[in-house]
Amino acid sequence: MCGIVAYIGEKSAYPIIIEGLKKMEYRGYDSAGIALLNGSIEVFKKKGKVHDLEKFIAEEESKLDGTSGMGHTRWATHGAPNDINAHPHTSGNGEIVLIHNGIIENYSTLKNALLDLGHTFESETDTEVLVHLIEEIQKQYELPIEAAVKKSLEKVVGAYAIVVMDKKNPDLIIGARNSSPLVFGLGENEFFLASDASPIIKYTNKVIYLEDEDVITIHRDGKYNITNLQNKRTNHEIKELDLKLEELEKGGYDHFMLKEIFQQPDTIQQSMNGRINSAEGWAVLGGMSQHIKRISKSNRIILMACGTSWHSALIGEYLFEEIARIPTEVEYASEFRYRNPIVKEDDFIIALSQSGETADTLAAIEIAKEKDAFVYGIVNVVGSSIARLTDSGSYIHAGPEIGVASTKAFTGQVSILTLMALYLGHERGKISEGEYRELLAELEVIPSKVKRILELDDQIKYIAGEIKNASNALYLGRGYNFPVALEGALKLKEISYIHAEGYPAAEMKHGPIALIDMYMPVIVIATNQSAHEKIASNIQEVKARKGIVIAIITEEDTKIREMADFFIEIPSTKEPLTPLLSVIPLQLLAYHIALMRGCDVDQPRNLAKSVTVE
Ligand code: G6P
């Protein structure tokens, strides 16, 4: 949700910033802009993607000097995506520039006050208000720029990660954060600020994750200072990033999404490494074992998440109730945070997030913590806000996920949830030793089964070609495959813009059946051993109305194979592990359909990878 990057050092800033923006682009791509400080302030901004900005700038080579600068790639909140609303924004006197990720909630009050003082605004953004406010406060109180930034931020309600540069202070950049991420990179005679570490890693692996209300001033000579808004110095540990540059590249694939789908045998394996041993009969998660007494006595589990992570959470509900026998509820974080939820001390709260930065999930965690709950995080991005805010947790170790549509993070989360349910079920004596060991052994072979499904890519591509022109699609599943149906439908709508709905197969007759005709593809996830007959009947109901059935079946399921118009055979597994396999063909199906429809698979319209605003 907006990516920001800034540089100060000895090198030319422009190439570093433009490359950095490309790495940040998954966070938003409505418009992009940069500002360079080179005696004057040069600002370039353009609607569209970073390559549109690059093309626009190509004619301005003479203005690209400067060893400090900032860049922004936008996901619009206030004001349409156009050149004027693009960041950076400039103060009225043209001396201060600012980029921002977040939302200034009281911007209209601030704007009215500034209008009364004679300020005029070019854009419709909340961000332009902030840079004018800094200018006004600096003028009124005759403050140095750092102090003016702090005083301005005291007046701001909302979320922000900002970078500020001042023409009069060419050897200084200022950053600040509140509820939106900001990472400080410390290189050799050069420094970086960015929304995440991806633009920084090429130059240094030393970073500091800024905390809420931190303000950092970075001087070209190498001094930096982090204080809070009340001017108290705050000390932060310098962390070493364990991230390789090649993890941020497509690695020979046409799209990040395809790479990430194909990485899943490895990423699922990584999520389990050191956490499971079927021969010895154990599954343990370090983050849980420290608190296992408390966790295993929980009377209720509440899972909180957004988007695809919410679908993983739904699978968690099935797993925890079946294997660990703990009543489990699943919450949209955005709903939980605003409805005065009942949270008890013996509840076990689990927050799931790929990015670890989703604003609603962060806020929901804060509410749960205010109520003294123990909150566990299942997160992909190491060092992210959710990873730091939760009491304990497990990383899924999927590596950077860059395609906006989440794939490998989903299977990583489901893998962790399965391990957690097994660990808890065993600890609580709710699963027989035999069943426990069988599930552990089966979990260990899941990566090789995923590999076999990926070999069906050409067949899935063929089916994609048959249904690519549909306007609607229905995804049906029962039990563990119901959340998979939701996830399959989400993948399709996110990247191909085909309207798709996921439904519990039995619920179809209470509404969606009215939509079925000869143009409606119905993707039925029919791998369940239990309820196999029932799902076969659901397929008959679709066929009777001339719907096109694409069935995901287990190998040798001749019965459903004969009923379906198209089928995709996947290896069989123990039922609680089914989602780890059945979701794979749905990811590939969505990918191929989107590609055939000419859609931008990695950067679908209107979406962003990391939603750091409400
Ligand atoms: C956005 C992304 C989704 C993601 C959701 C939750 O909507 O486009 O792919 O599932 O946010 O993100 P999180 O990082 O919290 O899992």
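N231 sits in the loop between β13 (224-228) and β14 (239-240); strands (E, at least two residues) and helices (H or I, at least four) are DSSP runs, numbered from the N terminus. Keep in mind that this is a predicted model, where local features need pLDDT of at least 70, side-chain atom pairs count only at pLDDT 80 or more, and totals for chains, interfaces and linings use all residues. Residues are numbered from 1 along each chain as its sequence is written, and side-chain values use heavy atoms, with hydrogens and water left out.

- N231 has a phi near 70°, a positive value in a residue other than glycine.
- At 53% relative accessibility, N231 counts as exposed (exposed is over 50% relative accessible area, buried under 20%, partly exposed in between, with a 1.4 Å probe and protein chains only).
- N189 isn't a glycine either, yet its phi is positive, at about 55°.
- You'll find N189 in the loop between β9 (183-186) and β10 (191-194), and with a relative accessible area of 46% N189 is partly exposed.
- Going from H87 to P88, the peptide bond is cis, with omega near 0°.
- P88 belongs to the loop between β4 (68-74) and β5 (89-90).

- Leaving aside its neighbours within four places in sequence, Y475 is in contact (heavy atoms within 4.5 Å) with residues including A485, L492, Y503, I523 and L586.

**Two helices side by side**

- Helix α17 (residues 481-496) packs against helix α20 (residues 578-596) at an angle of about 20°, their axes 9 Å apart; axes are lines fitted to C-alpha atoms, for helices over the stretch in contact, and angles run from 0 to 180 degrees between N-to-C directions.
- That makes α17 and α20 roughly parallel to each other (angles under 35 degrees count as roughly parallel).
- Among the residues that meet are V484, G488, L492 and I495 in α17, and P579, V583, L586 and A590 in α20.
- By class, this contact of α17 with α20 has 10 nonpolar, 5 polar and 2 charged residues; Ala, Val, Leu, Ile, Met, Phe, Trp, Tyr, Cys and Pro count as nonpolar, Asp, Glu, Lys and Arg as charged, and the others, Gly among them, as polar.

Note on methods. Parallel < 35°, antiparallel > 145°, perpendicular 65-115°, else oblique.
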